[in-house]
Amino acid sequence: MKFRKIIYCLLTFSIVTLSSCGPDNEDYANQVLGEYNMKITPYLTLNIDGTNIPSPNDAINTTCSITANGDNGNVIIKIDGVNGVVNEFVMSAVCSGLGMNIDESTYKGIMNMGELRTFNCDFVLNNPTTTISSSDILNWDSSVTGKCITNISGLDMPCNVSGKLNFYAYS
């Protein structure tokens with residue numbers, strides 16, 4: 001009977017020890033830290049005075065850096081602006097075994113939409129969790145809701161914006 005209790009205790013100790021082994025969130029964050037090329041492709045619909053206008057899907061090419069933000073797998077994603085095309089994006093995320101969970105963020109700045117003009121935007125980006133299967137490529141779609149203002153013939157025209165932005169980071 002005493003022998004059986006010792007075996008059960010050893011088994012319990014082994015299970016607890018083995019379950020605590022494995023990578024922590026900081027290990028996952030280390031997989032994505034670095035400099036990337038970034039391609040942002042807008043799939044947006046602009047509603048101006050009740051008329052829905054799809055934005056051009058021309059990709060915006062820029063660069064991006066992902067840096068650690070303390071420990072526990074927290075990172076900052078900083079996407080560089082392109083003069084006259086788009087302003088800087090800054091997002092925070094937490095890396096874990098489930099992927100890189102990007103927090104909801106905002107974007108306030110310009111977005112040049114080709115023939116449609118330049119818009120002053122105020123977006124909310126509902127960001128997803130992206131996989132960390134390859135540290136060479138990170139890809140995610142962020143849902144967009146918000147408002148923009150453009151100037152048409154000297155008049156500021158507000159519009160509602162919805163859709164998504166595709167972010168494709170690669171080394």
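Residues are numbered from 1 along each chain as its sequence is written, and side-chain values use heavy atoms, with hydrogens and water left out. Because the model is predicted, local features need pLDDT of at least 70 and side-chain atom pairs count only at pLDDT 80 or more, while totals for chains, interfaces and linings use all residues.

Aromatic rings were examined across the whole structure. The search finds five aromatic pairs. Rings of Phe, Tyr and Trp (its six-membered ring) pair if their centres lie within 6.5 Å; planes under 30 degrees apart count as stacked, over 60 as edge-to-face and the rest as tilted. The ring centres of Phe89 and Tyr107 lie 4.3 Å apart and their planes meet at 15°, so this pair is stacked. The pair links distant parts of the chain. Phe89 belongs to strand β5 (residues 89-96) and Tyr107 to strand β7 (residues 105-112), 18 residues apart. Helices (H or I, at least four residues) and strands (E, at least two) are DSSP runs, numbered from the N terminus. Both Phe89 and Tyr107 are buried. Buried means under 20% relative accessible area, exposed over 50%, and partly exposed in between (1.4 Å probe, protein chains only).

Phe89 also pairs with Phe167. That pair is edge-to-face, at 5.5 Å centre to centre and 80° between the planes. Phe167 lies in strand β11 (residues 155-170), 78 residues from Phe89. Both Phe89 and Phe167 are buried. One aromatic cluster is formed by Phe89, Tyr107, Phe123, Trp140 and Phe167.

Charged side chains were considered next. Side chains of opposite charge can pair when their charged atoms come close. A salt bridge is a side-chain nitrogen of Lys or Arg within 4 Å of a carboxyl oxygen of Asp or Glu. The structure holds three salt bridges. Lys78 meets Asp80 in one of them, at 3.5 Å from N to O. Lys78 also forms a salt bridge with Glu88, where the closest N and O atoms are 3.6 Å apart. This second pair links distant parts of the chain. Lys78 is in strand β4 (residues 74-79), and Glu88 is in the loop between β4 and β5, ten residues apart. Lys78 is partly exposed at 32% relative accessibility. Asp80 is partly exposed at 24%, and Glu88 is partly exposed at 41%.

Asp141 and Lys164 form another salt bridge, with the closest N and O atoms 3.4 Å apart. Asp141 lies in strand β10 (residues 137-152) and Lys164 in strand β11, so the pair ties together parts that are 23 residues apart in sequence. Asp141 is partly exposed, with a relative accessible area of 34%. Lys164 is partly exposed at 34% relative accessibility. Shared partners join Lys78, Asp80 and Glu88 into one network of salt bridges.

Thr150 is buried, at 3% relative accessibility. Its side chain reaches the backbone oxygen of Thr118 at 3.2 Å. Contact means heavy atoms within 4.5 Å. Not counting residues up to four places away in sequence, Thr150 touches Arg117, Thr118, Phe119, Leu155, Asp156 and Met157.

Methods
Polar contact = N/O pair within 3.5 Å; in protein donor to acceptor, adjacent residues only side chain to side chain.
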